[in-house]
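This report is meant to be read with the sequence and the coordinates open side by side. It moves from a sheet to a cavity, and then to single residues and their surroundings.

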Amino acid sequence: MSPSTNSLMPRFAVVCNPGNRRVTFFQDAVRAAGLPAARVVPWLDVLRGGAAFRPGETVRMDSPGEDAEVERLLRAVGDPARVEGTALWYARFTSAVRAVARAAAASGAVLLDDPGDVAVLFDKRLCHAVLDGAAVPVPASPTSGAAAPVVRDWADVRERMTAHGMPRAFVKPAHGSSASGVLAVETAGPGRVRATTSVERDTAGRLFNSLRVRRCTTEREVAAIIDTLAPDGLHIERWLPKATQRGRATDLRVVVVAGRATHAVVRTSHSPMTNLHLGGERGSLNDVRAAVEAAGGSWAEALAVCERAAACFPDTLCVGVDLLPATGWRRFAVGEVNAFGDLLPRLTGLPGSGAEGLDTYAAQVAAVLSRARNHPATATC
């Protein structure tokens with residue numbers, strides 16, 4: 001390799017929780033590309049004021065999850081399974097992201113994740129408004145945008161569902177992830193309320209995440225959970241009927257790298273939550289594509305919807321888009337856009353995506369290398 005070519009090769013730093021499987025996958029991708037291992041900058045160091053980067057580094061931020069001490073510093077709770085504390089988590093995490101950005105700018109490093117984008121992506125109310133404003137199809141919401149009235153309790157949720165003609169709605173913590181604290185609420189007249197959720201409530205009224213999806217069958221139980229969640233901020237969305245695959249509700253996680261949909265996984269479930277860690281199962285992407293085409297829809301347009309959603313965050317290299325196919329497979333909406341939605345082990349790229357044979361991490365490394373080759377004047381060294 002010539003010195004001039006070598007000077008264009010990026011040197012990565014990754015802000016992460018060391019030893020996490022996410023950073024392991026990323027390091028594998030970096031090494032497979034023939035690059036030096038990424039320098040690891042622990043989130044603990046960032047949170048303790050120790051973020052520092054080297055001139056010319058390409059800085060990737062990864063999820064701060066799955067580390068008890070990081071979770072304690074972000075949410076001030078002793079048990080990482082607790083649901084409460086997401087508003088504090090958001091304030092402290094976005095502050096840490098801004099600290100990373102300042103340190104990167106001071107050293108002449110380049111960020112792959114924009115701090116402004118991250119702040120919007122981790123507030124479902126703001127993200128919904130950005131997508132809606134860009135004409136990306138999203139479920140209707142009475143809590144979209146910074147100017148929407150604050151949801152104070154279950155009475156507010158019930159009033160907004162009624163006022164907006166939503167007998168069924170998803171009620172989500174504004175700053176949650178991985179379906180933590182989410183309730184799929186159904187109403188049918190006064191006193192007839194039930195909800196599906198993975199939240200468990202102990203005798204002291206504290207809320208905990210569970211891997212078991214369960215049904216709350218009384219309004220009193222639903223109200224108790226929502227009243228506890230409300231101080232951290234809530235987002236309400238219309239519950240859209242989803243298409244099914246083999247009798248199971250179906251949606252897709254689509255990863256978009258550098259503006260292009262590169263990977264997609266089908267998620268199916270007998271419950272409204274299709275998250276794989278909550279018992280959801282991977283479905284057949286070939287069957288989804290066939291169903292879309294048979295219904296007269298367009299798979300290319302479905303991917304284009306995801307790319308339009310990602311385009312709302314142009315300064316962030318990679319996002320994961322939750323794509324909701326409507327009953328009949330002809331229309332799609334975007335449920336969420338995830339800053340750290342690329343954890344799809346062993347999944348290789350879509351045909352024609354340019355990421356064939358690459359996992360989500362290798363696709364991101366390839367995108368950075370392509371940028372360095374095509375724009376040498378701005379490449380990191």
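What follows describes selected features of a predicted model.

**The parallel sheet**

Four strands form an open sheet in the order E2-E1-E3-E4, and their pairing is parallel. Strand E2 (39–42) and strand E4 (110–111) stand at the edges of this sheet, and because each has a single partner strand, one side of each is left without a neighbour in the sheet. Strands of a sheet pair through backbone hydrogen bonds, in either a parallel or an antiparallel sense.

Strand E1 (residues 12–16) is joined to E3 by four bridges in the parallel sense, and Val14 has Arg60 as its bridge partner in E3. On the E4 side, strand E3 (residues 58–61) makes two bridges, also in the parallel sense, with Val110 of E4 as the bridge partner of Thr58.

In a regular strand the side chains alternate between the two faces of the sheet. In E3, Thr58 and Arg60 point one way while Val59 and Met61 point the other way, and all of them are buried.

Sorted by class, the residues that line the largest cavity are six nonpolar, one polar and three charged.

**Helix H9 and its cover**

An α-helix has 3.6 residues a turn, so residues three or four places apart point the same way. In helix H9 (residues 219–229), the buried residues are Val222, Ala223, Ala224, Ile225, Ile226 and Leu229. Their cover includes helix H8 (154–163) together with strand E5 (168–173), strand E6 (183–187), strand E7 (193–201), strand E8 (207–216) and E9.

| Residue | Contacts beyond four places in sequence |
|---|---|
| Trp239 | Arg168, Ala169, Phe170, Ala184, Val185, Glu186 and Pro272 |
| Ser107 | Phe53, Arg54, Pro55 and Gly56 |
| Val365 | Phe12, Phe26, Ala29, Val30, Ala33 and Leu35 |

Trp239 sits in the loop between strand E9 (234–238) and strand E10 (244–245), and it counts as buried because its relative accessibility is 13%, under the 20% cut-off. Although 98 residues separate Trp239 from Ser141 in sequence, their C-alpha atoms are 9.8 Å apart in space.

Ser107 belongs to helix H5 (residues 86–107), and with a relative accessible area of 15% it is likewise buried. A polar atom of the Ser107 side chain lies 3.2 Å from the backbone oxygen of Ala104.

Val365 is part of helix H12 (residues 360–374), and a relative accessibility of 1% places it among the buried residues. Among the residues it contacts is Leu35, which is 330 residues away in sequence, with a C-alpha to C-alpha distance of 9.6 Å.

Is Arg246 buried or exposed? Arg246 is exposed, because its relative accessibility of 65% is over the 50% cut-off.

Notes
Residues numbered from 1 in each chain as written. Predicted model: local features only at pLDDT ≥ 70, side-chain atom pairs only at ≥ 80, totals over all residues. Heavy atoms only, no water. Buried < 20%, exposed > 50% of the residue type's maximum accessible area, 1.4 Å probe, protein only. Contact = heavy atoms within 4.5 Å. Nonpolar A, V, L, I, M, F, W, Y, C, P; charged D, E, K, R; others polar. Polar contact = N/O pair within 3.5 Å; in protein donor to acceptor, adjacent residues only side chain to side chain. Pairing = 2+ DSSP bridges.
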